[in-house]
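Here is a chain to go through in questions and answers. Each answer sets a value against its cut-off.

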Amino acid sequence: MSFAVAIRRSARHVQRKYILQSNNNVRPLGDSNIHRSPLSQFQSHSILLTSNPSGNGFSYRPGPGLRLIRPFSSSAGDADSEFRKYVGYAVLLIGCGAATYYTFPYPPTKPSEERSSTSAEEEHTVTNWSGTHEVRTRVYAQPESLAELEAMVREANAKKINIRPVGSGLSPNGIGLNAEGMINFALMDKVLHVDEKNQRVTVQAGIRVSQLVDELKDHGLTLQNFASIREQQIGGIIQVGAHGTGARLPPIDEQVVSMKLVTPGKGTIDISAEKDPELFYLARCGLGGLGIVAEITLQCVPRHKLVEHTFVSNIKEVRKRHKKWLSENKHLRYMWIPYTDAIVVVQCNPLPEGKDPPKLTPKYGRDEALQHVRDLYKELLREHKIEEASTGKTSDDKPSSQVWPSTETVTNINELSFMELRDNLISLDPLNKDHVIRVNLAEAEYWKKSEGYTVGWSDEILGFDCGGQQWVSEVCLPVGTLAKPNLKDLDYMDEVLKLIKKEKIPAPAPIEQRWSACSRSLMSPASSSLPDALFSWVGMIMYMPTTEANQRRAITTEFFRYRLAAQRQLWNNYSAYEHWAKIEVPDNEEELAWLHERLRKRFPVDLYNKARKELDPNQILSNDLLEKLFPLSLNKPEA
């Protein structure tokens, strides 16, 4: 049995192409015999999906029983080899075109009926981007059309097979993962209709933000706001309540005008504010538990350019100007740098037509801004080499919290971006507080040398590099109204920084702070009945800059100590609730009961669970995380 693999992304994200070979028989890319199998045939070769540090979601590697081969050779020789070379070039060109059509790298194959369904080689290992959550599953469905999706849901519901909706795998908590089975919409990624007059677009849920924005350009439209990463699937970002930044701009689910929801219990239903408003506002941020979002109509805005102003401030100046900045800037973001007095302020505003952007000649070029970071890296590498020599320790018996890079890793320091330099610096000793402070001080200096203005299209400006793999805890807290902000957002950050010092946490930079208006979606962390309510979102991180298992475990332990300190000391005082894509479920029964009580105070849990029972009676769309957050057994009986 054999099959081809193609990775569908926008062309600039396609880096390489492989053909999977089994039993010495290779099917070329684009073979018409490749198809998506029904659920009853969901057994296949083992293909393992692992996290991709480039930030584009899942990446892939073959499992046991398959081997990667390079499909073409470019070696010169006799006429025969020359002919093969140019045939190879032609096929490569066709293959690259095909590679832009498929996002996920494998079609489920149709095995013989005699194959054992319990074979380890028939499982898929699926890991989220940050490498923090992983499951093994034998069911991974990828419909190509609404009809296929509806058929899969009917069959899965009849057979009680789990098909948890999963997007691009970018959620730090792996909210879409389920070992029992998953369904992904990377092949349902089309723009179905553009209404230029009303500035609306209808899309399939699997379309990525980057792809949608590119396709809207020709219509002079774009999305109102963006999260930091553009590789998310639209269906995923609305279901988890993702957000951008801007005190007048709501979370992204508020851009949804209507949805087509495929449910196990009631079939396919169309919902909007006019048609079934109660379900619409409940399911718009439904965590994938009320039905599978198949199609979405989004409210767009005219395409526009933004002027981004980045500068470094301090807490005294920020407190003095914060209310004004919230009111005057369309987009505002703070990046706090622990153990320093530096706050990086990023303000973004539309560039008026016909007006030139403000000019600020930067004092430093890119290389000048980075040079002190490069020098620090070289210095620390020398220090670690000396330590290695003096202690007699080698890279094989180093402490679990340290990784000394090989010479090959640091050969081209001058080619590394700031984010890459920071990852490498932190990886030298990520749990040493004094070491992390040195890195943070270098980051503060880098931003001081990078002050200035940037002009670009909104989707280019608002997306930003989040760094490498990382643990994240992000909370949303109410901070008054835009007319009367209560400054609790700054009070919260002041307490976070004090907590870090008190607990001696090796907290890297940045702690990112953003703002949003409220959402009418009942399950949104920014949900409010007050139309002018203002919310702040604060994200704490710890980078995972290595694949070394002991170091990753040590970082994970320290991150949860960091998160738990904030949870116990701050969250209740500030009515702070975690982002749905970043909430982590405690193993401790006492803490889980505490979490259930908190969720009931903030969200309509009984209403949500009632809808789950009606729309998904066999819970085929659920997973462990959803069941632990909203156990149906705890639902209060109806009066």
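Q: Where is Pro510 found?
A: Pro510 sits in the loop between helix H11 (488-503) and strand S22 (511-517). Helices (H or I, at least four residues) and strands (E, at least two) are DSSP runs, numbered from the N terminus. This is a predicted model: local features need pLDDT of at least 70, side-chain atom pairs count only at pLDDT 80 or more, and totals for chains, interfaces and linings use all residues. Residues are numbered from 1 along each chain as its sequence is written, and side-chain values use heavy atoms, with hydrogens and water left out.

Q: What is the peptide bond from Ala509 to Pro510, cis or trans?
A: Cis; omega is near -5°.

Q: Why is Lys504 called exposed?
A: Its relative accessible area is 58%. Exposed means over 50%, buried under 20%, partly exposed in between (1.4 Å probe, protein chains only). So Lys504 counts as exposed. Lys504 lies in the loop between H11 and S22, and its phi is near 55°, a positive value in a residue other than glycine.

Q: What makes a set of residues a nonpolar core?
A: Its members are buried Ala, Val, Leu, Ile, Met, Phe, Trp, Tyr and Cys residues, joined through side-chain atoms within 4.5 Å. The largest such core here has 88 residues; Trp580 and Phe630 are among those with the most contacts inside it. Helix H7 (residues 366-391) gives the most to this core, with 7 residues. A second, separate core of 42 residues includes Ile500 and Ile505.
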